[in-house]
Amino acid sequence: MATVQESEKHDIISSPSSMTRMSEVNDKFLVTFEDNDTRDPMNFSYRKKWTITLVACAFTGIVAAASDSFSMGYQSMMRDLNCTQFQATVGLSMWSIGFGTVPLVTSSFTEEFGRLNIYIVSSFGFMLTEIMIALSPNIQTVMLGRLLGGAFGSTGATLVGGSVADIWKRHERGQPMAFFSLVTVAAIGLGPVIAGVIEANPRLGWRWIQWVHVMFTGAYFISVVLLMKETRATIVLTRLASKKRKETGDNRYQAKAEIEKQNLITLIRISCTRPIYLLLTEPIVQGFSLWIGFTWGVVFALVESVTTEFQEVYGFNVQNTGFMFSTLIVGSFIGYFANIYQEKLYQKHYLRKRQEARLYLPCVAGLFLPIGIFIYAWTARPEIPWIVPAIGLTIFMSGGFVIYMVVFLYLADCYGTYASSAIAGQSLCRNLAASIFPLFTTQLFSRLTYRWGLTLFGCVGAVLVPIPWVLFFYGSRIRARSKVSRKILEEEELQDNMEK
């Protein structure tokens, strides 16, 4: 290896399939990717990138479907386990608690173990929790299984955004992230549709809802093992450096991540505290967290109300009420296709509006939330056809889809290296709202009636309409006054100057 040590800056070591660059820094040989190295996740083929994206999003869909399909089995569950509806609703909420809090700890594991290993462990653990729920002898075991299911399933949301960022360049991420959002939100509607059919069959019931999830998750686990690849570049380089050390017996070969590596306890402390710090100090994170938190809370409140209201008002059975959740699927597709136009606006106006170019469509979508809720609240009457409140639900969900998607894109654009922490902060707020809303909506609707309870939600949604408008016009000024955002802006200006 004398030729490497004697080089001024770079030496290139060939391998049969690709190249790896070695830079001599402080008596260490820094292992980096060579230009156009096919082992660099950013240089994966287009086909491989979409395969990884589809496999990652599939886990999101399975987890999202399991999150609320559980509620369609309330009737048979209460009969079999001799529990109350409130106890069953606690099981629904426990999911969101595990889903929102556990990623604060586990998100740092990817820096130690890589994304692929976390996908494998999480999908297998998620399958075991579904088996646990299916075999539960009492409601307490169901609650625990739901909590653990949310914890293992949280990978479906926390890792997909990172996987997309690993393999797609910034200007390419719009469509993959839109597809991720589509799978997430549409699956929330698809889960209850399938579960309603299962619950309506007296020979099946709530346990078979869980067994169906076990089957899908088992198939997914196999697909992860066969098709998923490691996408975190630092992990790939660390493994290349380790391989080089074994081949040469020279311990000076190091990846940058190894040189700058922090211990796992420090990483967990940062991943637990930084999202909360941003949530408490950053107005942009606060505004979006409030907006998406309310939206997600209403979605799970609707999961509680749709079944009961359509049964009482229109005499639907459990299977027909399950089909009403198809409105969430339709709304998701409307939001998805609307995002194609938003992407064109973003590309057109980015140089002038920068990050705020993401907010053209959300400014309109913010109006859809209260409008959809008001239509649903005031048209669910026996004398008005059921299709009318269903249209209200569709309008609401199309707006909700746009909001869900823009949260990831806008925060990622605004916070750069701190994006994962900013997104984790809003995710915590969103899932806590999703766990709290179902617990009080039953009492709210029983006291105010569905019409006035939903009207209250609509009024709150109307109050939140200005959030995207304020950020659209004043977002850059707000970021300029933020310590974190100011640091990121300085880094962006430096990078722009270097490119010029």
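Me: Among contacts between residues at least 6 apart in sequence, what share joins residues at least 24 apart?
Reply: In this predicted model, 75% of those contacts join residues at least 24 apart in sequence.

Me: And which elements make up the chain, how many helices and strands?
Reply: The chain has 22 helices and four strands.

Me: How much of the chain is buried?
Reply: Of the 500 residues in the chain, 56% are buried. The accessible surface of the chain comes to about 21900 Å², and carbon and sulfur atoms account for 63% of that surface.

Me: Moving on to rings. How many aromatic pairs are there?
Reply: The count comes to 28 aromatic pairs. One of them is formed by Phe 59 and Phe 126: the ring centres lie 6.0 Å apart and the planes meet at 80°, so this pair is edge-to-face.

Me: Where do Phe 59 and Phe 126 sit in the chain?
Reply: Phe 59 belongs to helix α2, residues 46–69, and Phe 126 to helix α7. The two are 67 residues apart, and the pair links distant parts of the chain.

Me: Is Phe 59 buried or exposed, and why?
Reply: Phe 59 is buried, because its relative accessibility is 0%, under the 20% cut-off. Phe 126 is likewise at 0% relative accessibility and therefore counts as buried.

Me: Which rings are linked into a cluster?
Reply: Ring pairs join Phe 294, Phe 437, Phe 440, Phe 445, Tyr 450 and Phe 457 into a cluster.

Me: Back to helix α7. Where is Arg 115?
Reply: Arg 115 lies in helix α7, which covers residues 115–134.

Me: Is Arg 115 buried or exposed, and why?
Reply: Arg 115 is buried, because its relative accessible area is 9%, and the limit for that class is under 20%.

Me: What is Arg 115 in contact with, leaving aside neighbours within four places in sequence?
Reply: The contacts of Arg 115 are Thr 110, Leu 159, Gly 162, Ser 163, Asp 166, Glu 230, Thr 231 and Arg 232.

Me: New topic: how many cavities of 30 Å³ or more does a search of the whole structure find?
Reply: The search finds three such cavities.

Methods:
Residues numbered from 1 in each chain as written. Predicted model: local features only at pLDDT ≥ 70, side-chain atom pairs only at ≥ 80, totals over all residues. Heavy atoms only, no water. Buried < 20%, exposed > 50% of the residue type's maximum accessible area, 1.4 Å probe, protein only. Contact = heavy atoms within 4.5 Å. 1 Å grid on protein atoms, 1.4 Å probe; cavity = no way out; pocket = protein on both sides within 12 Å on 5 of 7 lines; lining within 4 Å. Points joined across faces, edges and corners; volume = space filled by probe spheres on them. Areas by Shrake-Rupley, 256 points an atom, 1.4 Å probe, with all protein chains shown as cover. Phe/Tyr/Trp six-rings, centres within 6.5 Å; stacked < 30°, edge-to-face > 60°.
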